[in-house]
Amino acid sequence: MTRLTDGIGASPRHQDAEAKVRGGFAYSSDLSRDDMVWAVTLRSPHPHARITAIDTSAAWAVPGVRDVITHRDIPGEKRYGQMKPDQPVLAFGTVRYHGEPVAVVAADDLRTARRAAGRIRVGYEVRAPVVDAVAALRPGSALVHPDGNVVAHTRIRHGVAQSGDLPRAPVVVRGEYAVKMQDQAFLGPESGLAVPAGDGGVELYVATQGPHTDRQQVAACLALSQNKVVIKPAGVGGAFGGREDLSVQVHACLIALRLGLPVKMCYSRRESFFGHPHRHAAVLRYTHGADRDGTLIYVQAEIILDGGAYASSSPAITGNAATHAVGPYRVPNAAVDAWAMYTNNPPCGAMRGFGTVQPCFAYESQMDKLAAAIGADPVAVRLRNALGEGGRLPTGQVLDGPAPVAHLLSRLRDLPVPADPDSLESPPRARGVGYAACLKNTAFSEGFDDYSTARVRLRVAGGQPVATVITAAAEVGQGILGVVRQIAVSELGIGDVEVEQADTVFGPAGTTAASRQTYVTGGAVRAACLSVRDEILALARKTLVREHAPAIAAGSLAVRDGMIVDGSGRVAATVADVIGTTVIDKTAEFHHRPTYPLDPVNGQGDSAVQFGFAAHRAVVDVDLELGLVTVVELATAQDVGRAINPVAIAGQLHGGTAQGLGLALMEEIKLDSGHVLNPSFATYLVPTMRDVPPIRTDIVEMADPHAPLGVRGVGELPAHSSTAAIVAAIRAATGRWLNRVPVSPEDITPCA
Amino acid sequence: MTQLSVTVNGKRYQADGSAEGESLLFVLRERWGFTSVKNACEEGECGGCAVLLDDVLANSCLVLAAQADGASVTTVEGLHDGGSLHPVQRALLDEGAVQCGFCIPGMVMAASDLLRRCPRPPEAVIRWELAGNLCRCTGYQKIVEAVLRAAGTTREASGT
Amino acid sequence: MTPVLRPRDWHEALSLRSARETAVPIAGGTGVMVAMQRDDLRPEALLDLSRIPELRRCRAEADHIHIGSGVTYTYISERLSASLPGLAAAAGGVGSRQVRNRGTIGGSLGTASAAGDIDPVLLACGADIKLTSAGRSRWVPAGDFYLPAGRTALGVGELIEAVRVPVSPGFQRFTKIGRRRGVVKAICSVAMVLDRAAMRVRVGMAAAGMVPCRVPAAEELLADAALWRGRTPLGGELLEQFGRLVARTADPGSDHAATAAYRRHALAVLARRGLADVWGRYRESEP
């Protein structure tokens, strides 16, 4: 039960937490029905091939097999995709990436399904894969899709660059950077349970970030109206962007409808590496022009994102990469081009940052390079150029709220550095300190209206007012359902609040992505609560009039701590008395402030709802002979606007920072001619408890006056400047100019 | 092929002999319904499936069901004594260390095993001993703090 | 559905081994279960050795430790650190706590993974491996056990029964490096055993793509008795040469974890540092 002390600013325990430590919390992979069948996906072993034949007869012949489906069996749209529906539900004609789904087999048990899938004979005419995104941009390159290799292109010209060349600058630094492909590596595998509804529809229990976007795509592929597909958010074992696209959804639902039986799907870890889009690998070419004192004059950037075989979220990611390309700095002139390219590498899409992590590595590296070129301190150069309130982005958008970039960097710089170890001599080691800053927008951009819906019901039970908040916001472990509860407690002034996770029968909350849920769903919950509060007060006035207290009824009234209080703070009635047997039931839709598309010529427009800012400091020790890096300490400062749940926020800062460390030092999907070489935790290394040092967090609250409760998006920022700061620290320790992440020991100590 | 009999959390469970070549993880989850034991990699890399096998911490994905025949297994449900929480579980809650929670059952098993063997481990030992339990959400920070708390120590006192 | 043969004792295990040649032995499972899960191994049957009491014993003899093949890494790292410090250090760094609790010395030898951490130590210690079949036993020196292409001297019908590791007075060291600090998969590793009685330093090394081996050419640099008696500090040039000889002997492969060049370089660094360490400790020790 919640208490009044569990409102905004407190850190009450999440309602799911006890079940999780006891082991009873059901994730999507834990669901089962007695009569369910297991389904398994057959995937392409080739990055590029023409399918000449698919012979499923041997699979059908395996005892216990119930169904085998290929593209021929898809009743509706054969392709899906949130932005550009170009991704086959099951391959037909051509497979375009290693791991592309070709068929699905359902059987009485998992082992039988796997064995039967292995019996399917697919004829492949192997083709040469397109694997170089930079080459794919050149005219005459082999095509991945007939319409050309460019998925999306965003062009920004700001300042004098709109009418001509960039100005001359006394100091010019250039760099070419590479960010390799990172995987979300959420621990809970892709999984779901599809149950036929009996009315020709289907219910799907699935771990997802976006139940309503899933529904829309599933319905289209199954040729069903959307109300026949009910997506029920099931327990999620982490997401980080990797559950925004479909994985098991259509496959499981289709077979469930065909068989009239529940269908369970659950990917293995190996399969998971093939089962969702990854973070785009990128090549970034930057030129920074500055005055001799380090004041930026211009930034020119070309960003080439390797989108892989299908579009996924690449169009929006490309826009983000471009709008975030210069970082949290005042840049009077900018020329930015960002492309997402098709290749036969694995499809890439949303991962914590959504196209802004890669530019952060590049622009922060450039700021260090600029500092070195003019002999200035790296923090000083950043402070000199830092954006602030009223600053203008290269899209022309003005920051109309606090933008404490300098403040965050200064706080980190002022933190004492951990004591040096006794000896840096044996073995030869060097200590380095690095700083980085970043920005990230909140919610969807360029005119997308990603609103949220919330419902609040208030009734009296056991003599006390009890509220239920209903939202379809996907809880992926970040704690949105807890935040929602806290907001309701504070806004209703009532301690007893429970939260229900709704399915898609309820209105959309928008995808759990883009650091948006606290802002948008928080806004919806707040709006619904305010509606409820208005109704309580209306009932209160009626009650008071009836009770012959018209003066009080006409005066100012407020709801506080379950009481109706008058203008002098005296209790006039209790909420319970005033409500009686009425049930107050209010639903609200919250739309964030409007945004606008970027104009196609110069990329100008107020495209973002809001920006958040963060900075990191990294302290590393480097074994100079072996090139091995120990991260000694990570510190971060982040402006969260208003901290609804400080402990949960700290958790996001810790977790995002650790993922940034992973990208800096060890995480890379390794490819060879489009083949994934390391689909395993043995060879795709994520940081362990021994790799991540203690992380100091400094949570700054500078409210956004345009946001509900002043909040700013939190979850993505920590994954940005963490990577850049660690690499900056390694550079400081070694004097080596590193331009690629993840950094390998050989980058630090090259050996012929 | 003989029947398998394993004592789980003090209670005897049986499976027919055809299960002997499966992993203990598979049998615990799919035959006996212990879904608290998680499958996050099935190759011994992540620790999500950690259980106590005859009081020794093991990744159940790497144990053959046949090897557990006649043995005793403890899962996270077997740790709470009559319903009340183990100190590690309580500390994880109090520290706010649980995000998605998928790593948590394995983490609880590993941490409780560590504290049984070493009641007041310094932070460096905690990080070394629990390195086989991956977490993707928390950056490990609050998990480490929770283990220190459960051990009755603070970060300062642990010598870090 | 893989049948599992479950011998109750060593005698029965050996009979089953010769009767069912295709049954794959499994002990801790940290190798076999992974290979099966990856579909690299599809055994017709498994031969479970995890509960053979004879294999799980360890005893100290006059000048060596006799370690049953079923003894776990945890046991070795926690109980043998005084008598076999190098082996204990290697065992203590394998995988994770969960893996060390189950993985066995016999399983490691049976898998003969090129990144096996204990192999360089067994070589540097001059260990022998007992291979037994229903008919006979033989002791194979570690140097003869590892063969090219991941094969070993284990013959048809044989099982690994035990490892005999000499205890030598002196100092030992094992180091491996990898891409991260927890659950480290070795890019390469070096074991160093300084035997003060024999006045010899023995070096073992391992890296992906090559057979774990000793480095006689480097060891030869320390074969001068005068060095030992005089407890002469080793000059920088000798240390460098030591490292170079290790690098020259090594023939590692390149894979997506590291290149051959880096492995060679790292082996030289680890060897040089290892020698400096054990020799420094020797010089500071009681005569």
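**Exercise 1. Burial and overall form of chain A**

Task: State what share of the 752 residues of chain A counts as buried.

Solution. Apply the cut-offs: a residue is buried if 20 or more other C-beta atoms, placed from the backbone, lie within 10 Å of its own. By this count, 62% of the 752 residues of chain A are buried. The model is predicted: local features need pLDDT of at least 70 and side-chain atom pairs pLDDT 80 or more, while totals for chains, interfaces and linings use all residues. Residues are numbered from 1 along each chain as its sequence is written, and chains are lettered from A and ligands numbered from 1 in the order in which they are written.

Next, the elements. Chain A has 18 helices and 31 strands, taken as DSSP runs numbered from the N terminus (helices H or I, at least four residues; strands E, at least two). Its radius of gyration is 27 Å, close to the 27 Å of the globule rule for 752 residues, so chain A is as compact as a globular protein of that length. That radius is taken over C-alpha atoms, and the rule is 2.2 Å times the number of residues to the power 0.38.

**Exercise 2. Helices H5 and H6 of chain A**

Task: Describe how H5(A) (residues 211–222) packs on H6(A) (residues 249–259).

Solution. Start with the geometry. The angle is about 50° and the axes are 10 Å apart. Axes are lines fitted to C-alpha atoms over the stretch in contact, and angles run from 0 to 180 degrees between N-to-C directions. H5(A) is therefore oblique to H6(A); under 35 degrees counts as roughly parallel, over 145 as roughly antiparallel, 65 to 115 as roughly perpendicular, the rest as oblique.

Then list the residues. H5(A) contributes Asp214(A), Val218(A), Cys221(A) and Leu222(A); H6(A) contributes Gln249(A), Val250(A), Cys253(A), Leu254(A) and Leu257(A). Contact means C-beta atoms, placed from the backbone, within 7 Å.

**Exercise 3. Helices H9 and H10 of chain A**

Solution. Met367(A), Asp368(A), Leu370(A) and Ala371(A) of H9(A) meet Pro378(A), Val381(A) and Arg382(A) of H10(A).

**Exercise 4. Chain B against chain A**

Task: Count the residues in contact between chains B and A, and name the elements of chain B involved.

Solution. 41 residues of chain B contact 45 residues of chain A. On the chain B side, the elements giving two or more residues are helices H2 (87–95), H3 (104–117), H4 (123–129) and H5 (141–150) of chain B.

Key
Two residues are in contact if their C-beta atoms, placed from the backbone, lie within 7 Å. A residue is buried if 20 or more other C-beta atoms lie within 10 Å of its own, exposed if 12 or fewer, and partly exposed in between; C-beta atoms are placed from the backbone.
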